[in-house]
Amino acid sequence: MVPLPPGQRSVEGFPRFGTHLHRPPPAVPDDPVIAISGVVRKPSEVRLPELATLPRREVVADFHCVSGWTATDLQWEGVRFADFFRAFVEPALDPEVSVSHLAFVGLDGISSVVELQDALADDVLLADRVNGGLLGGDHGAPIRLVSPAQYGYMSIKHLCQVEVCSALPAHRLDRSIIGRLIEGHPRARVRHEERHGHIPGWLIRPFYRPLIRPIRALCAKGTQDR
Ligand SMILES: Nc1nc2c(c(=O)[nH]1)N[C@H]1C(S)=C(S)[C@@H](COP(=O)(O)O)O[C@H]1N2
Ligand SMILES: [Mo]
C-alpha cells in the first residue's frame with residue numbers, strides 16, 4: 001500500500017463534505033452548462049453533451065481533504081480538463097493575454113482559484129462518474145473538477161463556471177475573518193502539505209484534526225445505510 005501523504009488519515013468509503021453540509025446539494029438544471037467567462041474575447045457556454053466530443057479518461061486516485069481525511073482508490077471517469085481547455089477555452093483567448101489562474105465556480109456558489117499549471121496537469125478531470133456510477137448530488141452532480149494532487153477544496157463540485165484570469169482574481173478570495181483564518185494555499189499540493197496560505201501545514205493539522213472522528217462516524221453510517 002502506498003503510504004498516505006503527511007498528516008492524512010484514511011477513512012472508509014467517501015463522505016460528502018464541503019462548506020454547506022447542512023444544505024442539500026444544489027438542483028441540477030435541465031440543460032446544464034459550463035459558462036466560460038473572464039479574459040476571453042466573448043463569454044460562452046459549453047453544454048454538457050458537447051463534452052462527448054472529447055476523449056474519455058479514467059483516473060484512479062486518493063482524495064485528500066485539507067482537514068486530514070483521505071478517501072482511497074476512487075475511480076473517476078470523465079474528460080481531461082486540459083482537453084476541455086484546449087477545445088473550448090483556448091480558441092476564445094486573445095493572443096495578447098496570458099492566462100495565469102482559473103476560477104472554478106459551483107452551482108452552490110462555492111469557488112476555487114487554481115493556477116493554470118495545476119489545472120492543466122495530466123490527472124485533472126472534469127468527472128461525471130465515480131466508482132462505476134453516475135456522480136450523485138453528494139459528490140458534485142452533474143459534473144465536478146477533480147485535481148487529485150491538490151487538497152479537496154480545489155476540486156469544485158457541481159461545476160457551472162470557469163472564469164479565465166490573467167492575474168490572481170481578488171474578487172474570488174474570501175476576505176471575511178473566517179475566510180482569512182482558513183485561507184487556502186495558492187497551490188494546495190498535498191505532497192508538499194500546502195494546507196494554508198500562511199501557516200505551515202504541520203502546524204495547522206491539530207486544528208483540523210478534531211473533524212476526522214465525526215467524519216469517520218459519518219462514513220461508517222453511510223456504509224450501514226447502503
Ligand atoms: N461546489 C462545492 N465544491 C466543493 C466543496 C463545496 O462545499 N462546494 N467543498 C470542497 C471540499 S472542502 C472538499 S474536501 C471536497 C469534498 O468532496 P466530496 O463531498 O465529494 O467528498 O469538495 C470540495 N468542492
Ligand atoms: Mo475539504
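Is tyrosine 151 buried or exposed? Tyrosine 151 is buried, with a relative accessible area of 0%. Keep in mind that this is a predicted model.

- Five strands make an open sheet in the order E3-E2-E11-E6-E7, and the pairing is mixed.
- Strand E3 (44–47) and strand E7 (111–115) sit at the edges with a single partner strand each, so one side of each has no neighbour in the sheet.
- From one strand to the next, the twist averages 20 degrees.
- Strand E6 (residues 101–106) and E7 run antiparallel and are joined by five bridges. Within that pairing, phenylalanine 104 has serine 112 in E7 as its bridge partner.
- Helix H1 (residues 81–89) packs on the sheet, where it touches strand E2 (33–38), E3, E6 and strand E11 (159–165). The direction of H1 makes about 65 degrees with that of E2.

**Aromatic pairs**

- The count of aromatic pairs comes to eleven.
- Take phenylalanine 14 and phenylalanine 63: their ring centres are 5.6 Å apart and their planes are at 65 degrees, so this pair is edge-to-face.
- That pair links distant parts of the chain, 49 residues apart. Phenylalanine 14 belongs to the loop between strand E1 (9–11) and E2, while phenylalanine 63 is in strand E4 (residues 56–64). Both phenylalanine 14 and phenylalanine 63 are buried.
- Tyrosine 151 shows up again here, paired with tyrosine 153: the ring centres are 6.5 Å apart and the planes are at 25 degrees, so the pair is stacked.

- Look for histidine 158 in the loop between strand E10 (144–146) and E11.
- Why does histidine 158 count as buried? Its relative accessibility is 2%, and the cut-off for buried is under 20%.
- A polar atom of the histidine 158 side chain lies 2.8 Å from the backbone oxygen of alanine 141.
- Leaving out residues up to four places away in sequence, histidine 158 touches a list of residues that includes Pro25, Pro26, Val105, Asp108, Ala141 and Arg144.
- Phi of histidine 158 is near 50 degrees, which is a positive value in a residue other than glycine.

- Proline 142 has its place in the loop between strand E9 (133–134) and E10.
- Alanine 188 is not a glycine, yet it has a positive phi of about 55 degrees. You'll find alanine 188 in the loop between helix H3 (177–181) and helix H4 (201–208), and it is buried, with a relative accessible area of 0%.
- Alanine 52, in the loop between E3 and E4, is exposed, with a relative accessible area of 67%. Alanine 52 and glycine 78 are 26 residues apart in sequence, and their C-alpha atoms are 9.4 Å apart in space.

**What the record says**

- An unreviewed UniProt entry lists residues 29–165 as "domain: Oxidoreductase molybdopterin-binding".
- Over residues 29–165 the chain is 9% helix and 44% strand, and the end C-alpha atoms are 26 Å apart.

Key
Residues are numbered from 1 along each chain as its sequence is written. Chains are lettered from A and ligands numbered from 1 in the order in which they are written. This is a predicted model: local features need pLDDT of at least 70, side-chain atom pairs count only at pLDDT 80 or more; totals for chains, interfaces and linings use all residues. Side-chain values use heavy atoms; hydrogens and water are left out. Two strands pair if DSSP finds at least two bridges between them. Helices (H or I, at least four residues) and strands (E, at least two) are DSSP runs, numbered from the N terminus. Axes are lines fitted to C-alpha atoms, for helices over the stretch in contact, and angles run from 0 to 180 degrees between N-to-C directions. Contact means heavy atoms within 4.5 Å. Buried means under 20% relative accessible area, exposed over 50%, partly exposed in between (1.4 Å probe, protein chains only). A polar contact is a pair of N or O atoms within 3.5 Å; within protein, one must be able to donate a hydrogen and the other to accept it, and residues adjacent in sequence count only if both atoms are side-chain atoms. Rings of Phe, Tyr and Trp (its six-membered ring) pair if their centres lie within 6.5 Å; planes under 30 degrees apart count as stacked, over 60 as edge-to-face and the rest as tilted. UniProt positions are given in the numbering used here, feature names are shortened, and annotations may be inferred rather than shown by experiment.
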